[in-house]
Amino acid sequence: MNNNIKVSILLGVMCFLLTIGIYIQIKTVKNSGTEVAKTNTENELRDNVLLMKEKYEKQYKILESKEKELSYLISNASTNDSISSELSEELEKVNAEIGLTTLRGEGIIITLEDGDSSNSLSSLDSVVHDSDLISVVNELCTAGAEAISINGERIVSTTPITCIGNVIKINDEKIGTPFEICAIGSKERLNGAMTMPGRYLDYRSKQGIKVSIKKSDSVIVSRYNGILKFEYAK
């Protein structure tokens, strides 16, 4: 009996110790897993930080390179003669297109004068009106004229042509007959368009005004001397 009690006590102590050992082992494994997970998280964050830093440094180097390139272009633009020459040529071209430069080239010269009223059905038919000049300018533009002037007054996009009494105002300057219209462009094309039967000048010459058209290899169209003003264009 005593031996049985001793065996039971011994088994109980062994079970108790085994239970404590198992508990300690489970706790250790659990803590170890937590530390491993924590370590993995920290490593992942560290890798992300390093990756972001690498990207930042790469972008910063690109930015530095672009800033140096921009600085070089700015400094070079102020000293590079070729760039200045290109800008000068472009400005000259624009000035020519809007009428701020005197031009020379082939084209035609049209002269309009008042005719003899006795040969006209009406005295007004033999007189050159502002509407005549406007019609001739429009036909020249349609035919490809690159520059036009009337009695030295350059025709630009804002040029008004109006009649005041016995004179006509162009660019606010009063001019009278005869009216010399100079147009630069293909002389053959311009001449063909303006002398074509049934066109405006053919019609008006039959009504009584005097019309003269000649081709030239050296037509001069003066620059616009006024101030270009735009009220609505921005």
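This is a predicted model: local features need pLDDT of at least 70, side-chain atom pairs count only at pLDDT 80 or more; totals for chains, interfaces and linings use all residues.

With that, look at strands S2 and S3. They run antiparallel and are joined by two bridges. The hairpin they form has two residues between the strands, and Asn151 there takes a positive phi near 50°. On its other pairing, S2 runs antiparallel to S7, and four bridges join these two.

One residue shows both pairings. Ser149 is found in strand S2. Its bridge partner in S7 is Cys182, while in S3 Ser149 stands opposite Arg154. How buried is Ser149? Its relative accessible area is 2%, so Ser149 counts as buried. Setting aside neighbours within four places in sequence, its contacts include Ile155, Glu180, Ile181, Ile220, Val221 and Ser222.

Now the strand as a whole. In a regular strand the side chains alternate between the two faces of the sheet. In S2, Ala147 and Ser149 lie on one side, Ile148 and Ile150 on the other, and all of these are buried, which leaves both faces covered.

In soluble globular proteins, nonpolar side chains tend to be buried together. Here the largest nonpolar core has 25 residues, and the members that touch the most others are Ile110, Leu112, Leu133, Leu140, Ile150 and Ile181. Elements giving two or more residues to this core include strand S1 (103-113), strand S2 (147-150), strand S7 (179-184) and helix H4 (187-195). Which element gives the most? That is H3, with four residues. Apart from this core lies another one, of six residues, and Ile109, Ala147, Val219 and Val221 are among them.

Leaving out neighbours within four places in sequence, Leu140 is in contact with residues including Ile108, Ile110, Ala145, Ile148, Ile181 and Met194.

Last, the aromatics. How many aromatic pairs does a search of the whole structure find? It finds one. The pair is Tyr200 and Tyr203, with ring centres 6.4 Å apart and planes at 55°, so it is classed as tilted. The two tyrosines are three residues apart in helix H5 (residues 200-207), so about one helical turn separates them. Is Tyr203 buried, exposed or in between? With a relative accessible area of 46%, Tyr203 is partly exposed.

That is where I will stop.

Conventions:
Residues are numbered from 1 along each chain as its sequence is written. Side-chain values use heavy atoms; hydrogens and water are left out. A nonpolar core is a set of buried Ala, Val, Leu, Ile, Met, Phe, Trp, Tyr and Cys residues joined through side-chain atoms within 4.5 Å. Buried means under 20% relative accessible area, exposed over 50%, partly exposed in between (1.4 Å probe, protein chains only). Contact means heavy atoms within 4.5 Å. Two strands pair if DSSP finds at least two bridges between them. Rings of Phe, Tyr and Trp (its six-membered ring) pair if their centres lie within 6.5 Å; planes under 30 degrees apart count as stacked, over 60 as edge-to-face and the rest as tilted.
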